[in-house]
Amino acid sequence: MTRINTKELAAGMRLAEDVVGSNGRLLMLKDTELDAKHLRILNVWGVSEVEIAGSDSEQDAPARHAPADPEILAASERFALDIFGKAAASGEFAAELLRLTASWFAAKLQNGEPLPPRISPPPALPPAKPPPNLEKMLAKGGKIIACPDVYLRINEALKKPNCSVAHLADIVGKDIGLSAKLLQLVNSPIYGYSMKVDSLLRGITILGFKELSQLVLGLSVFNRFLGIRADVLNVREFLKHGLSCGILARILASHRPDLPEERFFIAGLLHDVGRMAMLTVAPAHLAAAMAKASREGLPLCAVEMEFFGFTHAEAGGALLAQWKLPPELEDPIRHHHEPAAAQDPAGASLLCVADCLATAMRFGFSGSAHLALADNAAWERLGQPLGVLESVMNQAQRQVEGALQSLMG
Ligand SMILES: [Fe+2]
Ligand SMILES: [Fe+2]
């Protein structure tokens, strides 16, 4: 029996022990003969080592990668520093994130991939008229920012004592697009079920009622925004940022038994929803704020106050309160850029860190080219060693690719 790094595994090897994920979920049984699908699952779940029966890791190990050349390292460091911009960055967390971001892009350059283009919004002046205040903005957003009907119908059904899986499946099943996306997501590497979930009835049974209602909400909002075309902000990239933040938040939560993974996936998916309200009601003001933030190397949320009198985090919190979402979703979203002010600072900190990682890795684009906050205190509230950051980033990349195909086609 030999302990072997998962990067060095090959089809045909046999597990000498059960494999359990970081959240305690049993992933594979002892004596499983590994095939391509098993290798993919181990990769997706970020398992770093497994016990293999009768293997010699030295013989099977591939050649190590050569270190990146100095020019590549210098270019990737400049790129990482630009992403950090004038973020409020502090302590060991910011230093480690900067190092990992630079080596993340160095690895891409080394593989012949170009660095992502610098996103610069066109210069824009704020319109002469001030934007509506937060209350008026939420009232003017109309259908685009209204609470999805299907979520309301599910919550109504859940209030009845005799609510059944069949009734919920019937409500969700009336929206064919939503049902298809729900099943695709549940079958994607994010959930990592080894059996195919091929019906809504089975999907709802596995997910549970509460998670179903939150997932339906997240997917309905995601679908609705996917249809928007806007000159100011690339909405697909914006949604990719939210999806990536959700995946990163879910992975980070898997290291904390007290923070439910499913809730943080939805919180990440929706964390910047307030910016969609700003884009819908006052696109010219948002364009002007983006231009200033880009010009001055500032995070967009730092200049939103000047142009709107409130931030997208505040707008998102107010929107979710209007939708009557539970405080455990509203609170981290409202405070994801100031987690110390949240009722649950650990939950808001987790979302803050996930947002930081998604921005640093350039997974999509939230409208802000620069990090908002790389806060040591937020990281410390998670109580994790800095060493987990790199595996979280690698695990997220694989899941984002799979989820993007499921949700965006
Ligand atoms: Fe944000
Ligand atoms: Fe964000």
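Colleague: How does the radius of gyration of the protein compare with that of a compact globule?

Modeller: A compact globule of 409 residues would have a radius of gyration near 22 Å, by a rule of 2.2 Å times the number of residues to the power 0.38, with the radius taken over C-alpha atoms; the protein has 22 Å, so the two agree. This is a predicted model, in which local features need pLDDT of at least 70 and side-chain atom pairs count only at pLDDT 80 or more, whereas totals for chains, interfaces and linings use all residues. Residues are numbered from 1 along each chain as its sequence is written, while chains are lettered from A and ligands numbered from 1 in the order in which they are written. Along the principal axes, the C-alpha atoms of the protein fill a box of roughly 75 × 65 × 35 Å.

Colleague: What class does Ala107 fall into, and why?

Modeller: Ala107, which lies in helix 4 (residues 91–110), has 14 C-beta neighbours inside 10 Å, so Ala107 counts as partly exposed.

Colleague: How do you know whether helix 12 is mostly covered or mostly open?

Modeller: Helix 12 (residues 261–270) is mostly covered, since nine of its 10 residues are buried, among them Phe264, Phe265 and Ile266. The buried residues of helix 12 pack against helix 10 (209–226), helix 11 (235–253), helix 13 (273–281), helix 17 (327–334) and helix 18 (345–360). Across the whole protein, 44% of the 409 residues count as buried.

Colleague: At what angle do the axes of helix 11 and helix 12 cross, and what does that make helix 11 relative to helix 12?

Modeller: The axes, which are lines fitted to C-alpha atoms over the stretch in contact, with angles from 0 to 180 degrees between N-to-C directions, come within 7 Å and cross at roughly 155°. Therefore helix 11 is roughly antiparallel to helix 12, given that angles over 145 degrees count as roughly antiparallel, under 35 as roughly parallel, 65 to 115 as roughly perpendicular and the rest as oblique. The residues of this contact divide into 11 nonpolar, three polar and two charged.

Colleague: Which residues make the contact of helix 7 and helix 9?

Modeller: Helix 7 (residues 165–173) and helix 9 (residues 200–207) pack at an angle of about 115°, with their axes 9 Å apart. Helix 7 brings Val165, Ala166, Leu168, Ala169, Val172 and Gly173 to the contact, and helix 9 brings Leu200, Leu201, Ile204 and Thr205. By class, that contact has eight nonpolar, two polar and no charged residues.

Technical notes
A residue is buried if 20 or more other C-beta atoms lie within 10 Å of its own, exposed if 12 or fewer, and partly exposed in between; C-beta atoms are placed from the backbone. Helices (H or I, at least four residues) and strands (E, at least two) are DSSP runs, numbered from the N terminus. Two residues are in contact if their C-beta atoms, placed from the backbone, lie within 7 Å. Ala, Val, Leu, Ile, Met, Phe, Trp, Tyr, Cys and Pro count as nonpolar, Asp, Glu, Lys and Arg as charged, and the others, Gly among them, as polar.
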